[in-house]
Amino acid sequence: MTALPPNGPPGPDEPAPLSDRDRAVLAVERQSWAGPGAKERAIRERLGISPTRYYQLLNSLLDDRRALEEDPVTVNRLRRVREARRGRR
């Protein structure tokens, strides 16, 4: 069960906080990895999802204001990487 914020549940105009899974996705992205195989293995073991689903979730988090508030350094870094890749296409 998730604890409610100190002021109670979010109001009708307030978005719900990030889920534990969303926070876990950001935590995986904060780490550095020796190679792609290690990261994919960690995604499967820690999150119980496929790497494809992980990257879908991650992409949606990059556009989520709550994720930016939760971890601005990681989200802004990943946004810059995403924009650079789009610019090369």
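Asp 20 is exposed in the predicted model, its relative accessibility being 54%. The side chain of Asp 20 meets that of Arg 23 in a salt bridge, with an N to O distance of 4.0 Å. Arg 23 counts as partly exposed, because its relative accessibility is 30%. Both residues belong to helix 1, where a spacing of three residues corresponds to about one turn of the helix. In an α-helix, residues three or four places apart point the same way, because there are 3.6 residues a turn.

Helix 1 spans residues 20–30, and its buried residues are Asp 22, Val 25, Leu 26, Val 28 and Glu 29. These residues lie on the same side of helix 1, because the arc that they cover around the axis is only 155°. Their cover includes helix 2 (36–47), helix 3 (51–62), helix 4 (65–70) and helix 5 (72–88).

Eight salt bridges were found in a search of the whole structure. One of them pairs Glu 29 with Lys 39, with 2.8 Å between the closest N and O atoms. This pair links distant parts of the chain, since Glu 29 lies in helix 1 and Lys 39 in helix 2, ten residues apart. Glu 29 is buried at 8% relative accessibility, and Lys 39 is likewise buried, at 12%.

A further salt bridge joins Asp 63 and Arg 82, whose closest N and O atoms are 2.7 Å apart. Asp 63 is located in the loop between helix 3 and helix 4, and Arg 82 in helix 5; the pair therefore ties together parts 19 residues apart in sequence. Asp 63 is exposed, with a relative accessible area of 56%, whereas Arg 82 is buried, with 13%.

Definitions and conventions: Residues are numbered from 1 along each chain as its sequence is written. This is a predicted model: local features need pLDDT of at least 70, side-chain atom pairs count only at pLDDT 80 or more; totals for chains, interfaces and linings use all residues. Side-chain values use heavy atoms; hydrogens and water are left out. Buried means under 20% relative accessible area, exposed over 50%, partly exposed in between (1.4 Å probe, protein chains only). Helices (H or I, at least four residues) and strands (E, at least two) are DSSP runs, numbered from the N terminus. The arc is that of the directions from the helix axis to the C-beta atoms. Contact means heavy atoms within 4.5 Å.
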